[in-house]
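Subject: Structure handover

Hello,

Here is the structure we spoke about. Please open it next to this note; what I found follows below.

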Amino acid sequence: MSLQAIKFQSSPKVSLSILNQLQVPYQSKYLNIDSIAPFKDVTTFSGYEAIKGMYTRGAPAIMLVGCFAIVVEMDKVLNDDSFSHALNYDISNYENFKTRLLERIDELIQSRPTAVNLANGCNQIKSIIADSSITTTSDLYSRILSFSENLYKEDFQSNIDIGNNGLQYIIETLKAENFKGPFSVMTICNTGSLATSGHGTALGIIRHLNQYLSKETTEYPFYFEHTYPCETRPYNQGSRLTAYELQYEKIPFTLITDNMPSFLIDNLNRPENHQNQHILSTLSSNAPLRFIIVGSDRIVKNGDLANKIGTFQLSLISKLYDEIKFIGAAPITTIDYNTESGIDIKIEERPKDELTMVLGAKIENNKFAIDSKTGDVALERVRMAPLDIDVWNPSFDVTPHENIDCIVTEKSYITKDSNGEFHL
Ligand code: MRU
């Protein structure tokens, strides 16, 4: 059973809850979502707040929570007069109802700008709303419900297919190079079950490697041995979420900070340069690093890829080592066919205190301490920088397609043509 970020049901009662990822890995608690976006004191907790506040995160998960939040709000509006009235819906007039729903969806799309999946999902719902063959609120509700449920199922299947296609690319690459023995991989941010409907994209490929290409399972002269997840400052998705998922899946890994990759890689891949440093003896695996595998929040037409800040520098390091291939893994819902190149991707800037403050759990006797009042794990936010300083906190960066060797989607793995161009 993989970890579950999103729980949605349409019967007997419609409900949507999300794993509060602000509290992972300290505890697993789900929060109910009742609406698309906050509105006065009418709504309790909305999809917009869950996404913007990072309770749920990762491009595909954001899309799914957004679409299900639309379903939940529609259900409530159609069945609770006081709720619909307070939210300014006019359910007696279909055209007015649609206008208000579109306003709410447009607000939701603004919650996080870089990941295109949310906008792609919402825009598909907007085209259902524009479909003139649908003439009643209940038919519209049914269509949006089945669209969202299918999107969830398709996302899960896409992740499995991405895992298979990524595995194939890695096998073909190592076969072509006549590679033998163990290899390791590196990743950044969180791209696993918690960022998707389940399994994951980049982390899904790593799960496939562990399942089908480990020392015990390989049918080739090479095998996957180890993963290096980067901590992923400032929000620490790597240490809080990816490390948690890798541990849960029993995939061998060593957590590193974001400023360690070049030293680590040079030690692993050029040990002759580090003979006097004794570093390799302190690593749990000495397998050379052959693949850097990342997810994406938006891949544009030429293959430029927006992903968590720090991805670009990993791609630059990979270019210094001919043997390292840089892989971007994402479902088709992450491809933005309307944008030509990465220069036009809007990069989200996050609040400064996400960088200067850290939220952590108190430890007592090597266990997470429990807050005696709430019964929850006791969390505390601590400042890690002087007060009143200038801080810059872009959440994503863009990796140019020149630095990418392969883009893996659910359809196939795609490498560049002889002119260095991707055809997505
Ligand atoms: O800011 P986040 O945590 O939403 O960023 C997530 C990432 O950058 C992921 O790598 C990306 O969304 C791909 S998720 C499968």
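I start with strand β6 (residues 289–294). Six of its six residues are buried, so β6 is largely enclosed by the rest of the structure. Bear in mind throughout that this is a predicted model.

β6 has two partners to look at. Strand β4 (residues 181–187) pairs with β6 in the parallel sense, over three bridges. There, Ser 184 stands opposite Leu 289 of β6. Strand β9 (residues 325–329) also runs parallel to β6, and four bridges join them. On that side Phe 291 faces Lys 325 in β9.

Core packing

Which residues touch the most other members of the largest nonpolar core? They are Ile 205, Ile 292, Ile 293, Ile 327 and Val 408, in a core of 52 residues. In general, nonpolar side chains in soluble globular proteins tend to be buried together. Take Ile 327. Leaving aside neighbours within four places in sequence, Ile 327 is in contact with Gly 166, Tyr 169, Phe 291, Ile 292, Ile 293, Asp 405, Cys 406 and Val 408. Another core, of 44 residues, lies apart from that one; Tyr 89, Ala 115, Leu 151 and Leu 241 are among its members.

Domains and their contact

The protein is divided into domain 1 (6–153), domain 2 (159–349 + 394–415) and domain 3 (353–383). Between the C-alpha centres of domain 1 and domain 2 there are 32 Å. Their contact takes 22 residues from domain 1 and 23 residues from domain 2. On the domain 1 side, the elements giving two or more residues are α2 and α5 (116–129). α2 gives the most to that side, with five residues. By class, the domain 1 side has 14 nonpolar, six polar and two charged residues.

Val 116 is buried, with 27 other C-beta atoms within 10 Å. Val 116 and Thr 333 are 217 residues apart in sequence, yet their C-alpha atoms are 7.6 Å apart in space.

Cys 122 is also placed in helix α5. Glu 348 is 226 residues from Cys 122 along the chain, and their C-alpha atoms are separated by 19 Å.

The ligand

How many residues surround the ligand? There are 17, and the closest are Arg 57, Gly 58, Ala 59, Gly 295 and Lys 308. The elements that give two or more residues to this shell are α2 (59–79) and β8 (305–308). The shell has five nonpolar, nine polar and three charged residues. Domain 1 and domain 2 both give residues to the shell, so the ligand lies between them.

β8 also belongs to an open sheet of four strands. Its order is β10-β7-β8-β15, with mixed pairing. The edge strands are β10 (335–336) and β15 (396–399), and each pairs on one side only. β8 pairs with strand β7 (residues 298–300) in the antiparallel sense, over two bridges. Arg 298 has Ala 306 in β8 as its bridge partner.

Backbone points to check

- A cis peptide bond joins Val 24 and Pro 25, with omega about 10°. Pro 25 sits in the loop between β2 (15–19) and β3 (30–33).
- The peptide bond from Arg 233 to Pro 234 is cis, with omega near 5°. Pro 234 is in the loop between β5 (222–229) and α8 (237–249).
- Asn 236 lies in the loop between β5 and α8. Its phi is near 60°, a positive value in a residue other than glycine. Asn 236 is buried, with 20 other C-beta atoms within 10 Å.
- Lys 250 is found in the loop between α8 and α9 (261–269). Phi of Lys 250 is near 55°, again positive in a residue other than glycine. Lys 250 counts as exposed, with 8 C-beta neighbours inside 10 Å.

Best wishes

Note on methods
Residues are numbered from 1 along each chain as its sequence is written. This is a predicted model: local features need pLDDT of at least 70, side-chain atom pairs count only at pLDDT 80 or more; totals for chains, interfaces and linings use all residues. A residue is near a molecule or strand if its C-beta atom, placed from the backbone, lies within 6 Å of it. Ala, Val, Leu, Ile, Met, Phe, Trp, Tyr, Cys and Pro count as nonpolar, Asp, Glu, Lys and Arg as charged, and the others, Gly among them, as polar. Domain bounds come from an automatic or database domain assignment. A nonpolar core is a set of buried Ala, Val, Leu, Ile, Met, Phe, Trp, Tyr and Cys residues joined through C-beta atoms within 7 Å. A residue is buried if 20 or more other C-beta atoms lie within 10 Å of its own, exposed if 12 or fewer, and partly exposed in between; C-beta atoms are placed from the backbone. Two residues are in contact if their C-beta atoms, placed from the backbone, lie within 7 Å. Two strands pair if DSSP finds at least two bridges between them.
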